[in-house]
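Hi there,

Here is the structure I promised to pass on to you. Have a look at it first, and my notes follow below.

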Amino acid sequence: MYESYYNLRTKPFSLLPDSDFLYAGSTHRAAYSTLEYGLISEAAFIVLTGEPGMGKTSLLRKLISEHGAKHSIGLVTNARYNIEHLLPWVLLALGLSKRQLDPVEAYYVFSEFLTHESQQRRRVILIIDEAQSLGTDLLEELRLLSNLNDGKTLKLQIVLSGQPDLHKLLQRIDMTQFAQRVVVDCQLEPLSELETGHFIRHRLQVAGGHPSLFTRKACTLVHRLTKGNPRLINQVCNLTLTHAFGLQAQVITSKLVAQAAYERCKGKILPLSSREELNVLANVPDDPSEFSTASLTPSSPQWKECPLPERPATPSITPEPFFYAKGVAMRKEGRHQEAIEMLELAGKSPSYRLKAQVQIGLCHRAAGNHQTAVQMFRAALKDPSASRTEMLDIQYFLARTLESVGQIAEAATLYRRLAHTNPRFKDVAYRANELSSKVKHLTNGEASGADGESWISTAIKSFPRWPLLASR
């Protein structure tokens with residue numbers, strides 16, 4: 001309705017969960033990082049909680065889209081405590097069966113599927129949304145299913161997502177055995193006032209509109225009404241755009257937000273705060289200064305480019321050291337692709353970016369991707385944060401890689417440079433002498449070959465050119 005008027009490709013504030021519109025606020029980045037930590041650390045149970053409308057389902061769908069190619073993921077969204085067994089819903093979510101199976105057959109099908117996927121080096125990840133509705137009996141069924149994780153290889157991971165009541169459920173005495181298996185636990189918090197403004201700007205940008213369509217005071221009022229709840233922010237902004245379109249308003253002001261929210265709150269269904277102020281705010285005169293004030297700062301956070309937030313979702317977990325240590329261990333075990341994936345996660349943090357980049361280079365070198373390894377090491381040498389010791393290591397790794405692909409001259413130069421800086425550093429003195437000899441030999445050989453060719457050519461030219469005798 002209002003899309004064309006405000007030059008929007010689509011509705012920016014739809015209530016449908018869409019990972020393309022997911023805003024990378026501090027709490028959501030932290031929660032997503034913690035979810036990834038749980039997956040990669042092979043946690044049997046992972047718990048994500050948050051108030052309704054906080055974006056839990058959007059985070060889960062992002063997780064599925066980014067990890068679905070590596071794992072078999074099933075999402076259960078409609079299970080309730082009053083169903084007899086959860087396993088049929090699990091089989092349906094994984095695409096294993098569309099008909100009702102008896103419990104023994106269902107268990108056999110699921111067990112065989114776990115074994116098959118494990119043999120293919122794929123984990124099965126079961127995500128239960130709205131898990132607070134399961135009740136103790138169905139949660140106990142999940143715990144028993146997790147017992148299929150036997151031996152050294154984890155076959156099944158379970159992610160429980162729900163409202164804060166899920167925490168209360170897991171704190172019950174009769175849920176002690178289940179709670180002890182929860183390794184990762186994170187909670188989504190409301191957006192701050194600044195993040196609410198960035199949230200609005202981000203969604204407008206994704207939809208193709210002008211990011212400053214809402215004034216700063218409008219964004220502040222939206223935050224005050226919604227208390228930073230993303231779903232409520234979407235509702236208020238959508239209502240305001242509809243109201244503003246009816247008035248043919250070019251800019252969304254705080255007065256327009258108040259008018260739209262006041263009309264919506266008359267039904268007393270939309271749970272907005274500060275409703276008593278809305279009538280007053282909806283009738284105040286327009287503030288000319290509101291139109292001239294820039295709405296927000298030029299950019300908003302992105303998932304891949306932003307460092308991890310200062311406010312972690314789970315204070316006891318700092319995933320980057322784990323990612324790095326696990327990645328290095330995988331590299332030493334020869335699991336190069338898995339190591340690269342782990343190290344890329346560690347590299348999202350500025351404190352681990354350089355170290356992770358070097359380790360990824362070593363993975364590529366060990367896997368035979370020498371040119372990629374050379375590129376990684378050259379890029380690492382340009383990092384201004386590298387210490388003197390790190391620079392020595394990176395130059396050495398680069399020299400070894402160049403030597404392995406036959407670029408002896410450049411490798412020799414690097415070894416000599418390292419030997420000049422620190423003669424006792426690894427085996428650089430020996431390698432510098434060895435490669436320098438090879439370079440000299442090759443150079444002399446080329447020169448000799450060139451001289452020989454010249455001598456032969458000269459000799460041929462010195463012979464007298466006798467006329468050919470034609471037979472008569």
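Helices (H or I, at least four residues) and strands (E, at least two) are DSSP runs, numbered from the N terminus. This is a predicted model, in which local features need pLDDT of at least 70 and side-chain atom pairs count only at pLDDT 80 or more, while totals for chains, interfaces and linings use all residues. Residues are numbered from 1 along each chain as its sequence is written, and side-chain values use heavy atoms, with hydrogens and water left out.

First, the overall picture. The protein has 20 helices and five strands. Of its 472 residues, 46% count as buried; buried means under 20% relative accessible area, exposed over 50%, and partly exposed in between (1.4 Å probe, protein chains only). The accessible surface comes to about 24900 Å², and carbon and sulfur atoms hold 52% of that. These areas come from the Shrake-Rupley method with a 1.4 Å probe, and for residues only the protein chains shown count as cover. Among the contacts with a separation of 6 or more, 72% are between residues 24 or more positions apart, where contact means heavy atoms within 4.5 Å.

Now the sheet. The five strands form an open sheet with parallel pairing, in the order E2-E3-E4-E1-E5. Its edge strands are E2 (72–76) and E5 (182–187), each of which pairs on one side only. From one strand to the next, the twist averages 15°. Two strands pair if DSSP finds at least two bridges between them; E2 and strand E3 (residues 124–128) run parallel and are joined by five bridges. One example to look up is Ser72, whose bridge partner in E3 is Val124. Helix H4 (residues 103–119) lies across E2, E3 and strand E4 (156–162), and runs at about 130° to E3. For such angles, axes are lines fitted to C-alpha atoms, for helices over the stretch in contact, and the angles run from 0 to 180 degrees between N-to-C directions.

Asn149 sits in the loop between helix H5 (135–146) and E4. Apart from neighbours within four places in sequence, Asn149 is in contact with Leu154, Lys155 and Leu156.

The structure holds eleven aromatic pairs. Rings of Phe, Tyr and Trp (its six-membered ring) pair if their centres lie within 6.5 Å; planes under 30 degrees apart count as stacked, over 60 as edge-to-face and the rest as tilted. Tyr5 and Tyr6 form an edge-to-face pair, 4.8 Å centre to centre with 85° between the planes. Tyr5 is partly exposed at 23% relative accessible area, whereas Tyr6 counts as buried at 7%. Phe45 and Phe178 have ring centres 4.6 Å apart and planes at 55°, so this pair is tilted. Because Phe45 lies in strand E1 (residues 45–49) and Phe178 in helix H7 (residues 176–179), the pair ties together parts that are 133 residues apart in sequence. Phe45 is buried, at 0% relative accessibility, and Phe178 is buried too, at 1%. One aromatic cluster is formed by Phe377, Tyr396, Phe397, Tyr415 and Phe425.

Gln248 is 243 residues from Tyr5 in sequence, yet their C-alpha atoms are 8.5 Å apart in space. Gln248 lies in the loop between H10 and helix H11 (254–265) and is partly exposed, with a relative accessible area of 45%. A polar atom of the Gln248 side chain lies 2.8 Å from the backbone oxygen of Phe245.

Finally, a backbone point. Most residues other than glycine have a negative phi. Glu130, though not a glycine, has a positive phi of about 55°. Glu130 lies in the loop between E3 and H5 and is partly exposed, at 23% relative accessible area. Lys227 is another non-glycine residue with a positive phi, near 55°. Lys227 is found in the loop between helix H9 (216–226) and helix H10 (230–246), and is exposed at 59%.

Technical notes. Polar contact = N/O pair within 3.5 Å; in protein donor to acceptor, adjacent residues only side chain to side chain.
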